[in-house]
Amino acid sequence: MSVDASVRLPGMELKNPVMTASGTFGYGLEFARYGDLRSLGGIVAKGLSLKPRAGNPMPRIAETPCGMLNAIGLQNCGVEVFLRDKLPRLPYDETPIIANLYACDADEFAELAGVLSAAEGVAALEVNISCPNVKAGGIAFGQDPAMAGKLTEAVKKRAGDKPVWVKLSPNVTDIVAIARAAVLGGADALTCINTLTGMSVDIRTRKPRLANVIGGLSGPAIKPVALRCVWQVCRAVSAPVIAVGGISCAEDVLEFILVGAHAVQIGTANFMRPDMAFRIAERLPALMEELGIENLEEYRCSIQV
Amino acid sequence: MGNYDACRDVSILSVEPVGPEGAAKGCYMLTLANPGFSPAVAGQFVMVRPRAFQQNPVWPRPFSICRLTAEALTLFVQVCGRGTEILCRLVPGDTATVWGPLGQGFALEPEVPTVMLAGGVGIAPFVEYAAGHPSPEHLSLVFGHRLPLSCYPFDAFSGLKSAEAFQEKGPDDLAAFIAHLETTIAGHADGLVLACGPRPFLVTVARLARKYSVRAQVSLENRMACGVGGCLGCVEKNVLGSYVQTCTQGPVFWVEELALSEES
């Protein structure tokens with residue numbers, strides 16, 4: 001049996017559904033030594049702001065059972081350096097490169113979208129309205145349906161023909177309300193989910209393990225939460241959902257596609273081994289064949305509840 | 001598909017306690033098959049994640065390369081948490097994923113008098129440094145430690161100009177050691193100082209190197225998730241107030257580059 005692992009998303013076709021998650025794969029180039037970037041379904045680059053950002057004080061990361069906390073604070077080189085020094089070295093002609101955007105207010109988000117939409121080699125814009133580690137902007141946009149909708153609308157107006165994805169936070173009472181608002185605002189796809197807010201403390205030093213005190217929890221520990229969110233959102237909206245949260249093997253990829261996701265992003269698992277995303281992409285067709293899945297569209301959302 | 005050999009699954013060849021008290025004190029030499037690495041620069045490091053970690057712990061663990069030969073990669077591991085505990089319980093034939101060599105190593109200036117300042121497990125990269133140094137008569141070691149000396153690979157330094165060890169058993173010992181560091185660094189005005197060890201030790205070395213205008217490098221032991229520049233978790237503040245990545249721009253830095261403080 002020959003299997004087809006390709007996936008269609010608005011404005012692009014992926015050779016497979018395995019992408020990398022923003023903030024866990026650098027700008028892509030850092031991982032080029034560990035696998036062929038062209039073999040991935042897509043690469044979501046480190047979150048970009050208009051100007052370079054220094055990020056949060058140290059310590060920024062802490063290990064937790066089956067997961068980790070981070071409070072990096074969106075350290076990044078800024079959009080200008082990304083477009084000049086990073087993007088041209090990525091295989092954007094063969095693998096979609098998705099720019100993840102962060103800004104402090106709606107105007108800045110729109111300006112950033114304008115700059116990125118004009119860039120050759122950017123396949124889509126992923127709007128980060130859900131970062132738990134920054135004071136201005138970030139999660140505030142992602143917790144209020146009206147704000148999420150308006151922000152999406154503002155970005156969409158400046159995005160030209162580039163698809164706009166909105167990355168949702170699980171740190172809300174009703175993720176479906178935010179998802180609906182983003183789709184009403186014009187989102188072409190939803191990325192689901194960002195990290196859960198968490199905390200870790202040291203009983204000996206009596207200090208929190210992150211300088212920021214709280215941070216974003218990721219890794220296998222959050223997979224059940226991500227799966228639940230993806231399932232709920234997929235049932236509620238017609239826009240494609242890109243799943244992220246604790247995925248660390250090809251079996252996990254199929255779990256998310258089974259509940260309705262079109263594609264996935266590998267995040268913290270990239271830290272478990274730097275060739276993880278490549279290995280998952282390579283393993284997926286063999287697993288599909290084992291399970292008798294000819295194509296992912298047929299398998300998608302076939303969960304029997 | 002190209003040849004991507006920087007990350008490999010390799011077999012554990014041996015896990016041996018160091019010296020008669022090594023097992024009791026949690027000091028081991030972990031030897032793995034060489035994953036195919038070319039010669040590394042002393043001070044570079046590897047990330048190691050045994051299959052036994054499964055999903056918990058999530059992160060691999062970074063280790064300085066203690067010794068790299070064509071056949072084997074040897075790491076000095078001191079048990080300090082669950083990850084290192086699992087690593088030291090491995091048996092020959094177990095598998096670990098290893099990637100590297102990573103980061104920037106120590107400067108090598110064969111004709112320049114060079115002193116290696118090591119604190120505790122910070123002795124590890126100097127084993128490789130001493131083994132590869134073409135002029136051991138220009139090389140000396142000052143080693144501060146808490147556990148018995150036999151728990152460390154101190155024998156590796158027998159062929160050098162000098163190798164001194166100072167055990168810290170109380171506050172007076174620490175003060176004496178710092179005084180000796182100051183004398184040593186002050187006496188190396190025309191030389192090169194290299195340091196690896198706990199953060200307070202490195203902060204002291206950096207302060208003294210600045211005080212006596214001695215060229216010095218320090219190797220940081222910042223917490224890392226990926227080791228390859230993907231997570232930005234291991235950063236350190238430089239003198240310009242920016243953050244530099246310990247995994248790719250370090251772990252070895254010239255002291256004048258960093259705004260090194262006690263805070264980690």
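Predicted model: local features only at pLDDT ≥ 70, side-chain atom pairs only at ≥ 80, totals over all residues.
Residues are numbered from 1 along each chain as its sequence is written, chains are lettered from A and ligands numbered from 1 in the order in which they are written, and side-chain values use heavy atoms, with hydrogens and water left out.

Chain A holds 10 helices and 16 strands; these are DSSP runs numbered from the N terminus, with helices being H or I of at least four residues and strands E of at least two. The radius of gyration of chain A is 18 Å, close to the 19 Å given by the globule rule for 305 residues, so chain A is as compact as a globular protein of that length (radius over C-alpha atoms; rule, 2.2 Å times the number of residues to the power 0.38). Its C-alpha trace spans about 55 × 50 × 40 Å along the principal axes. Of the 305 residues, 61% count as buried, that is, under 20% relative accessible area with a 1.4 Å probe and protein chains only.

β10(A) pairs in the parallel sense with β9(A) (residues 164-168) over 4 bridges, where pairing requires at least two DSSP bridges between two strands. Lys167(A) stands opposite Thr191(A). β10(A) also pairs in the parallel sense with β15(A) (residues 241-244), over 3 bridges, and there Ile242(A) is the bridge partner of Thr191(A).

Turning to chain B, 6 strands form an open sheet of mixed pairing, in the order β10-β9-β8-β11-β12-β15. β10(B) (162-167) and β15(B) (252-254) stand at the edges with a single partner strand each, so one side of each is left without a neighbour in the sheet. β9(B) (residues 139-145) and β10(B) pair in the parallel sense over 6 bridges, and His145(B) has Gln167(B) as its bridge partner.

How values were computed: Buried < 20%, exposed > 50% of the residue type's maximum accessible area, 1.4 Å probe, protein only.
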